[in-house]
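Keep the structure open as you read.

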Amino acid sequence: MKKTMRLERWLPVALVAGILAVWEWQVSAGRMSALFFPAPSTIAATFARLLTTCVLPANIVATLSRVFVGLALGAIPGLILGLAMGSSSRLRAVFDPLIAALHPLPKIAVLPLIMIIFGIGETSKVVVVAIACFFPMLISTAAGVRQIHPIYFEVAENYGGRLLQVFTRVVLPGSLPLVLSGLRLALNTALLLAIAVELVSAREGLGSMIWFAWETLRTEELYATLATTAALGISFNIVVQYLTAKLVPWQVEREG
Amino acid sequence: MRFECHNLCKVYLTRDGSVTALDGVTFAAEQEEFVCIVGPSGCGKTTLLKLIAGLLEPTVGRITFDSDAADGRLRSALVFQEHGVFPWMTVLDNVAFGLEMQGVGRQDRYARARAFIRKVGLSAFANNYPHELSVGMRQRVGIARAFVADPQVLLMDEPFGSLDAQTKLVLQEELLRIWKDNRKLVVYVTHDIEEAVLLADRVLVMSGRPGRIREEIQVPLGRPRNLSDRERPEVVEVKLRIWGMLEDEVRQGLEMPT
Ligand SMILES: Nc1ncnc2c1ncn2[C@@H]1O[C@H](COP(=O)(O)OP(=O)(O)OP(=O)(O)O)[C@@H](O)[C@H]1O
Ligand SMILES: [Mg+2]
């Protein structure tokens with residue numbers, strides 16, 4: 001058992017290391033175009049340079065601030081409306097069709113409209129991220145409340161629970177697992193949208209770096225920036241996973 | 001404390017019509033009495049308990065009682081058939097839940113909850129979550145929670161229905177032991193006749209759907225009780241009588257020729 005576990009853990013690492021080694025070797029042997037596929041060592045050197053000259057950190061901060069401001073502006077209202085909609089069938093009847101109509105729209109497509117309304121500055125970018133975060137948070141939260149077994153509400157009522165008590169002791173903890181998966185979706189969406197917006201219209205941020213690297217054909221910078229973006233996405237997921245393990249101890253085992 | 005059900009009827013409205021679950025249930029129960037209700041599956045036993053608990057409104061009929069609560073409701077604690085304990089609370093918080101809803105402070109309610117957690121033998125699990133417990137242990141949590149809240153009426157809906165025979169016996173004895181020290185009115189639903197005569201002072205036999213009380217039977221046993229009591233001739237006779245009535249109902253329910 002333990003041996004296979006260890007093997008499964010190391011296999012992906014070995015696989016990636018193997019691919020990188022072959023890549024490096026093929027480029028140095030001149031069998032692969034260094035323009036399209038710069039050697040991993042070149043990319044690493046570029047990465048180090050971008051890091052030490054503060055180009056990368058500054059752009060990471062720009063992207064992250066869009067992600068988190070957008071997340072706060074979108075996910076918090078999504079959470080609140082989701083809790084309300086999950087609890088009230090009347091609210092659902094009002095908002096469900098609206099959401100069904102708006103949710104499928106690719107959010108990057110509303111950027112021009114948002115720029116007409118909010119101008120071409122920072123506000124528009126954050127607003128688009130916020131709109132994109134709003135929906136996954138709302139939908140997951142409402143589903144989280146709705147999947148709470150009615151028996152738990154009956155228990156609370158039976159013991160004389162008041163509305164606020166029912167909310168804090170049943171609705172919130174009962175929906176928390178799906179709220180957190182909503183948060184994960186919202187974070188991923190926020191990163192996606194922040195990068196997309198930056199590709200199109202920003203002067204700083206990882207997305208604009210990617211675009212700039214393409215326009216000037218600095219492939220090694222392109223790779224370094226892509227790797228950074230991927231690392232951000234992965235660390236978001238790790239953070240939410242950690243949060244989930246901390247906040248939802250009653251579900252950890254079931255997932256494992 | 002005494003409560004009376006007068007002609008309780010409950011009709012559920014569903015998408016394709018209505019279901020009459022109860023049709024004129026009348027009975028009374030006294031302080032410190034242990035009443036068992038037996039009836040075939042789907043005859044409205046859970047519905048009846050929820051009406052008494054005030055979780056449902058009767059379509060017709062009423063329940064009278066003398067309340068000691070400020071809002072005039074009957075203070076009851078319902079132990080559910082299953083899934084009654086909150087998965088997101090530890091055993092301690094689950095058991096203290098009723099007190100928490102009553103506004104009892106943390107220290108006090110934990111102390112009182114711990115006392116009952118000890119009585120159901122779960123002291124070692126006070127800080128565990130329900131998913132770490134067996135089904136039987138979870139039902140003990142539900143029972144402890146009900147006793148701690150110190151209700152006027154304890155309502156139990158087949159609390160041991162999904163347990164194996166041995167566990168069931170152990171928990172039945174445990175329940176009687178706790179009840180001996182905390183005498184209160186218990187209305188206990190089951191479809192297990194053995195269980196009914198072992199636990200109850202009085203057994204109410206329900207008819208098949210729509211449910212009503214078909215017969216009331218006094219159990220000819222004193223207390224404390226032990227396992228061998230169930231084999232006494234007068235008890236066997238009572239069991240056979242109940243079984244005869246239920247068999248009729250079940251047959252009618254299955255629409256089989258007699
Ligand atoms: N919320 C509901 N809506 C519609 N019909 C219901 C509802 N709850 C119960 N019923 C119906 O009412 C009847 C009685 O249900 P109830 O759950 O009270 O029976 P029960 O005696 O507890 O059954 P069991 O022995 O299976 O637990 C059943 O036919 C059931 O289908
Ligand atoms: Mg039932």
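This is a predicted model: local features need pLDDT of at least 70, side-chain atom pairs count only at pLDDT 80 or more; totals for chains, interfaces and linings use all residues.

**From one isoleucine to the cores**

Is A:Ile210 buried or exposed? Its relative accessibility is 12%, and since buried means under 20%, A:Ile210 counts as buried. Leaving out residues up to four places away in sequence, A:Ile210 touches A:Leu199, A:Leu222, A:Thr225, A:Leu226 and A:Thr229.

Now for the helix pairs of chain A. Take H3(A), residues 55-87, and H6(A), residues 122-146: their axes come within 6 Å and cross at roughly 30°. An angle under 35 degrees counts as roughly parallel, so that is how H3(A) runs relative to H6(A). The crossing of H3(A) past H6(A) is right-handed. Sort the residues of this contact by class and you get 19 nonpolar, seven polar and four charged.

H6(A) has another partner to look at, H8(A). Here the axes come within 7 Å and cross at roughly 160°, so H6(A) and H8(A) are roughly antiparallel to each other. H6(A) passes H8(A) in a right-handed crossing. The contact of H6(A) with H8(A) has 18 nonpolar residues, along with eight polar and one charged.

Next comes H7(A), a helix spanning residues 150-158, whose buried residues are A:Ile151, A:Tyr152, A:Glu154, A:Val155, A:Ala156 and A:Asn158. What do the buried residues of H7(A) pack against? In chain A the answer is H8(A), residues 163-201, and in chain B it is helix H1 (45-53), strand S5 (76-79), helix H3 (97-101) and H5. Just after H7(A), look for A:Gly160, which takes a positive phi of about 80°.

In soluble globular proteins, nonpolar side chains tend to be buried together. The largest nonpolar core here has 101 residues, and B:Phe3, B:Phe27 and B:Ile242 have the most contacts inside it. Helix H5 of chain B (residues 135-148) gives this core its largest share, seven residues. Apart from this core lies another, of 34 residues, including A:Ile43, A:Leu71, A:Ala132 and A:Met137.

Finally, zoom in on B:Ile242. Neighbours within four places in sequence aside, B:Ile242 is in contact with B:Val38, B:Ile193, B:Val197, B:Val203, B:Val205 and B:Ile217.

Note on methods. Residues are numbered from 1 along each chain as its sequence is written. Chains are lettered from A and ligands numbered from 1 in the order in which they are written. Side-chain values use heavy atoms; hydrogens and water are left out. A nonpolar core is a set of buried Ala, Val, Leu, Ile, Met, Phe, Trp, Tyr and Cys residues joined through side-chain atoms within 4.5 Å. Buried means under 20% relative accessible area, exposed over 50%, partly exposed in between (1.4 Å probe, protein chains only). Helices (H or I, at least four residues) and strands (E, at least two) are DSSP runs, numbered from the N terminus. Contact means heavy atoms within 4.5 Å. Axes are lines fitted to C-alpha atoms, for helices over the stretch in contact, and angles run from 0 to 180 degrees between N-to-C directions. Angles under 35 degrees count as roughly parallel, over 145 as roughly antiparallel, 65 to 115 as roughly perpendicular and the rest as oblique. A crossing is left-handed if the near helix is turned anticlockwise from the far one by less than a right angle, and right-handed if clockwise. Ala, Val, Leu, Ile, Met, Phe, Trp, Tyr, Cys and Pro count as nonpolar, Asp, Glu, Lys and Arg as charged, and the others, Gly among them, as polar.
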